[in-house]
Amino acid sequence: MLHACTALIPVIPKALALHADTHSIEVQVDGDHPFRDICQLLRIPTHYDAPYTWYLRLPDIRAFLWHIRAVLDERLSQSALRGYSGQCNLSLYHGGLTLTWRDGTLINIAPWEIPAYGEHAHAAYPPHAVAQHVFGWRSLRELRAWYPDVWATTETALLLDILFPKQPS
């Protein structure tokens with residue numbers, strides 16, 4: 001897209017001058033796309049609508065994560081945590097999951113009973129927040145800003161953002 005800007009940028013002000021009824025242009029790119037900065041620099045009016053997202057629910061997150069474990073293993077293998085071995089206890093407030101890795105492979109996802117007392121979770125998501133991370137709509141950092149009770153230990157935050165990167169969808 002930015003390569004096309006070289007040819008497009010000189011034409012836009014001329015086109016706008018010829019069409020007085022044109023008050024903006026619409027380019028469907030992410031809100032942080034550099035093209036928006038270029039238009040602002042050239043004082044070309046633009047309009048931005050936040051991207052539309054699907055609202056998806058995960059009725060059985062354990063089954064879904066097990067189904068996509070090959071993708072999760074691949075993401076882990078391409079990261080700084082390749083070869084990771086360990087467990088991650090996720091609190092989902094009405095229950096939880098223990099995810100177990102050995103040598104970079106997800107080998108088990110088991111239900112986890114959240115203890116009544118003490119800090120035994122490595123991360124926590126309130127209901128419906130975990131789906132936003134799993135499907136790449138929001139990063140863990142963004143979820144923390146939206147939901148004060150989303151949290152993760154430092155190592156777990158790195159692991160979760162590797163497994164569930166924010167991405168256009």
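Here is a short chat about a few spots in this predicted model.

Colleague: Let's start with Thr153: is it buried, partly exposed or exposed?
Modeller: Thr153 sits in the loop between strand S5 (151-152) and helix H8 (154-163). Buried would need under 20% relative accessible area and exposed over 50%. Thr153 has 31%, so the label is partly exposed.

Colleague: And which side chain does the side chain of Thr153 make a polar contact with?
Modeller: A polar contact needs a pair of N or O atoms within 3.5 Å. At 2.8 Å, the side chain of Thr153 has such a contact, and the partner is the side chain of Thr156.

Colleague: How many residues apart in sequence are the parts that the Tyr84 and Trp101 pair ties together?
Modeller: The two rings are 5.7 Å apart centre to centre, with 70 degrees between the planes, so they count as edge-to-face. Tyr84 is buried at 12% relative accessible area, and Trp101 is buried too, at 3%. Tyr84 comes from the loop between helix H5 (69-77) and strand S1 (86-91), while Trp101 belongs to strand S2, so the sequence gap is 17 residues.

Colleague: What about Arg138: how far is its charged end from the centre of the Trp146 ring?
Modeller: The charged end of Arg138 sits over the ring of Trp137, 4.1 Å from the centre. That charged end also sits over the ring of Trp146, and there the distance to the centre is 3.8 Å.

Colleague: Last one: in the second largest pocket, how many lining residues are nonpolar?
Modeller: That pocket holds about 320 Å³ of space. Its lining has 18 residues, and among the closest to the centre are Leu58, Pro59 and Ile61. By class, four lining residues are polar, three are charged, and the nonpolar ones number eleven.

Key. Residues numbered from 1 in each chain as written. Predicted model: local features only at pLDDT ≥ 70, side-chain atom pairs only at ≥ 80, totals over all residues. Heavy atoms only, no water. Helix = DSSP H or I, 4+ residues; strand = E, 2+ residues; numbered from the N terminus. Buried < 20%, exposed > 50% of the residue type's maximum accessible area, 1.4 Å probe, protein only. Polar contact = N/O pair within 3.5 Å; in protein donor to acceptor, adjacent residues only side chain to side chain. 1 Å grid on protein atoms, 1.4 Å probe; cavity = no way out; pocket = protein on both sides within 12 Å on 5 of 7 lines; lining within 4 Å. Points joined across faces, edges and corners; volume = space filled by probe spheres on them. Nonpolar A, V, L, I, M, F, W, Y, C, P; charged D, E, K, R; others polar. Phe/Tyr/Trp six-rings, centres within 6.5 Å; stacked < 30°, edge-to-face > 60°. Lys NZ or Arg CZ within 6 Å of the ring centre and 35° of its normal.
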